Amino acid sequence: MPNRQRLYRTHAVVLRRRDFRDADRILTIFTPNYGKLEVIAKGVRKTTSRKAGHLELFSHCTLMLAKGRTWDIVTEVVGVESFRNIRQDLDKISLASYISELIDCFSESDDENQPMWDLLLVTLQELDQTSSAYNSRLLRHWFEMSLLSLTGFQPQLFQCLNCDEELAPVSNYMSLSEGGVFCPTCGQGRRDLELIEADVLKVLRFLQSRPWGTVRQVNIRPHILAQVDNLLYRYLLIILERQLKSVDFMRRLQHMAQAAAPAAPVAATADASLQEDVADLNAATMNDIGIKDAPQHAHT
Ligand SMILES: [Zn+2]
């Protein structure tokens, strides 16, 4: 962990924020050199505050921070990227909020993590620029797979977990709890495994191993993408459960995927479930910006 000076400057993206006292705000920020930090922005809720505009959720800024006893204090803010297109689109706000929460769950305080910073920034930039719902969905999965790889939770998708043989392009067996795939010989007859179609495995591998510039050009059929939605959701849930972090977030994630859970084979259904995801995440975002939430969805 790099030693912070009494005054130090850093790039930052605001992941989370909450009101504190009359006019202050506690921000959870992600930085390239110090990982995740909690800092305080004093007086930022006053109408006269000039810092406020640059300290919105997901905005990319540079901060001058002064070491404080409980929280380091924001003394200066310069906006770098405001991601205006994200802010003008509720679906994008939802996804940016989801991305921020995942970074929050998987990152450590005071731990330099340049690759995670790069991933976060590229994802927000792409989300800001894209105009297609399909691309956003693909971006989300690429982000998830990249984040899992960066944090050491990547599923083994190339060799059989048991015999180490390279997996053939046939139906294999997936184990989410063991984080990988078994070949037909090793997986057959095991009730704790589920079949994974060759095309689904192919897409997952692609997401895991290619840069976004390549992934964005791929056209994935809706019924395959629906299975990818479903698998990735359940896999993330298992990992987050082990991490025992962010119980609220897990609940929302769970709710999000209830819609996607039947692995809807029809495109129209998949779209509908995506809408529900978005609606649910919107509720989450509203909470964050301090609007009292509507009655919570019942959790099963
Ligand atoms: Zn095997």
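Helix H6, residues 198-209, has 12 residues and reaches 16 Å from its first C-alpha to its last, close to the 16 Å expected at 1.5 Å a residue. The model it belongs to is predicted. The protein has 300 residues, and 38% of them count as buried. It contains 10 helices and eight strands. Among contacts with a separation of 6 or more, 56% join residues 24 or more positions apart.

**Helix H6**

- The buried residues in H6 are Val200, Leu201, Val203, Leu204, Leu207 and Gln208.
- Viewed down the axis of H6, these buried residues fall within an arc of 160°, so they line one face of the helix.
- An α-helix has 3.6 residues a turn, so residues three or four places apart point the same way.

**Helix H3**

- Helix H3 covers residues 114-129, and its 16 residues should span 22 Å at 1.5 Å a residue. The C-alpha atoms at its ends are 22 Å apart, which agrees with that expectation.
- Buried in H3 are Met116, Trp117, Leu119, Leu120, Thr123, Leu124 and Leu127.
- Down the axis of H3, the buried residues fall within an arc of 165°, so they too line one face of their helix.
- Gln114 and Gln129 lie on the other side of H3 and are exposed.
- What do the buried residues of H3 pack against? Their partners are strand S1 (7-20), strand S2 (24-31), helix H1 (84-87), helix H2 (90-106) and helix H4 (133-150).

**How H3 meets H4**

- Two packed helices are described by the angle between their axes and the distance between the axes.
- The axes of H3 and H4 come within 11 Å and cross at roughly 180°.
- Because angles over 145 degrees count as roughly antiparallel, H3 is roughly antiparallel to H4.
- On the H3 side, the contact involves Pro115, Met116, Leu119, Thr123, Glu126 and Leu127. On the H4 side, the residues they meet are Ser136, Leu139, Phe143, Ser146, Leu147 and Leu150.
- Sorted by type, the residues of this contact are eight nonpolar, three polar and one charged.

**Ile40 in strand S3**

- Ile40 sits in strand S3, which covers residues 35-41.
- Is Ile40 buried, exposed or partly exposed? Ile40 has 18 C-beta neighbours inside 10 Å and so counts as partly exposed, because a residue needs 20 or more to be buried and 12 or fewer to be exposed.
- Leaving out residues up to four places away in sequence, Ile40 touches Phe20, Asp24, Ile26, Gly68, Trp71, Ile73 and Val74.
- Ile40 and Thr70 are 30 residues apart in sequence, and their C-alpha atoms are 9.0 Å apart in space.

**Two loop residues with positive phi**

- Most residues other than glycine have a negative phi.
- Arg21 is not a glycine, yet its phi is positive, at about 50°. Arg21 is in the loop between S1 and S2.
- With 11 other C-beta atoms within 10 Å, Arg21 is exposed.
- Asp110 is not a glycine either, and its phi is positive, at about 55°. Asp110 is in the loop between H2 and H3.
- Asp110 has 13 C-beta neighbours inside 10 Å and therefore counts as partly exposed.

Conventions. Residues numbered from 1 in each chain as written. Predicted model: local features only at pLDDT ≥ 70, side-chain atom pairs only at ≥ 80, totals over all residues. Helix = DSSP H or I, 4+ residues; strand = E, 2+ residues; numbered from the N terminus. Expected span 1.5 Å × (residues − 1). Arc of directions from axis to C-beta. Contact = placed C-beta atoms within 7 Å. Axes fitted to C-alpha atoms, helices over the stretch in contact; angles between N-to-C directions. Parallel < 35°, antiparallel > 145°, perpendicular 65-115°, else oblique. Nonpolar A, V, L, I, M, F, W, Y, C, P; charged D, E, K, R; others polar.
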